[in-house]
Amino acid sequence: MNIVAVANQKGGVGKTTTTVSLGGLLAQAGERVLLLDLDPHGSLTSYFGFNPEGEGAGVYTLFQRRAQGEALNPGGVASLTGVDGLSLICASTAMATLDRQLGAREGMGLVVAESLAQLRAQYSWVLMDCPPMLGVLMVNALAACQHLLVPVQTEFLALKGLERMLRTVSMVQRSRTRALDVTLIPTLFDRRTRASIDTLRQLREDHTGMVWPGVIPVDTQFREASRAGQPLTTMRPSARGSKAYAQLLEWLLAETPLGGAIPLREVSRG
């Protein structure tokens, strides 16, 4: 099982879009993919038509079960998305209270890792959409994942948010037995603006070796796909944004330890 976290401590940078797009491509390639919504805002949950304000089982249920000493049973809280090969464990707004309720309680940092360990036979990939703040949910994600993707909007303020995220990663690295691989993904790139071009150049200068060589462009079709509850990569594979995410996935499989999980030609067909 490959476990990937998608995180940035700045909102609006394309975390949910990245999670959905890569998940859709992997599912198209025949992989069994689980998406995990760890953000109390529930954008990923809403994307697939579920209500984060509702009382359905999801991530919050796992933490409640651990707090009450019950079996986690993560398979029982996964939902079908309507996209072949793509399942989801939903977020709920109640997750915003987890730090206050359980953040200081011992054993809460590995709830996600232990839940995913029970699902190894059911899924080959897990993609986690993380909250834009440091807390028990972010700590769980960084403890569970093998690879961290950090979408970075190509505008000046996003670089400041990136510094906070990288300080968090550095802190978590000290408590991990295995180093965490990190890839920065330039997103919302608009080549018509000087701000996008300058920010991309600064990002590559400041973080040599960590930045994916491509860019995810601004593409209004992402909005249409979210309205339809479908990954754009599935709904319109020829869209600019779809092609960019296909290139990103091919690069991740070729250039990072995630490679070898599936043949590159299978991704290209998507």
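**Entry 1: Leu184 and the cores**

I started with Leu184 and set aside its neighbours within four places in sequence; it is in contact (heavy atoms within 4.5 Å) with Val150, Val152, Leu162, Leu166, Leu203, His207, Met210, Val211 and Trp212. This is a predicted model: local features need pLDDT of at least 70, side-chain atom pairs count only at pLDDT 80 or more, and totals for chains, interfaces and linings use all residues. Residues are numbered from 1 along each chain as its sequence is written, and side-chain values use heavy atoms, with hydrogens and water left out.

Next I looked up the nonpolar cores. I took a core as a set of buried Ala, Val, Leu, Ile, Met, Phe, Trp, Tyr and Cys residues joined through side-chain atoms within 4.5 Å. Buried means under 20% relative accessible area, exposed over 50%, partly exposed in between (1.4 Å probe, protein chains only). The largest core has 48 residues, and Leu184 is among those with the most contacts inside it, as are Phe63, Leu116, Met128 and Leu148. Helix H7 (residues 156-173) gives the largest share of this core, 7 residues. Helices (H or I, at least four residues) and strands (E, at least two) are DSSP runs, numbered from the N terminus. Another core, of 34 residues, lies apart from it and includes Tyr47, Trp212, Phe222 and Leu253.

**Entry 2: Cysteines**

I checked for disulfides, taken as pairs of cysteine sulfur atoms within 2.5 Å. The count is 0. Cys130 is in none; its nearest cysteine sulfur, in Cys145, is 7.3 Å away. That distance is too far for a bond. Cys130 is buried at 0% relative accessibility, and Cys145 is buried at 2%.

**Entry 3: Salt bridges**

I counted a salt bridge where a side-chain nitrogen of Lys or Arg is within 4 Å of a carboxyl oxygen of Asp or Glu. The structure holds 9. Arg66 and Glu114 form one at 2.5 Å, N to O. This pair links distant parts of the chain, helix H3 and helix H5 (residues 111-117), 48 residues apart. Arg66 is partly exposed at 23%, and Glu114 is partly exposed at 32%.

I then looked at Asp198 and Arg194, whose closest N and O atoms are 3.6 Å apart. Both lie in helix H8 (residues 194-206), about one turn apart. Arg194, Asp198, Arg201 and Glu205 are linked in a salt-bridge network.

**Entry 4: Pro74**

Which loop holds Pro74? I found it between helix H3 (59-67) and strand S3 (78-80). Pro74 is buried at 2% relative accessibility. Its C-alpha is 9.3 Å from that of Glu114, 40 residues apart in sequence.
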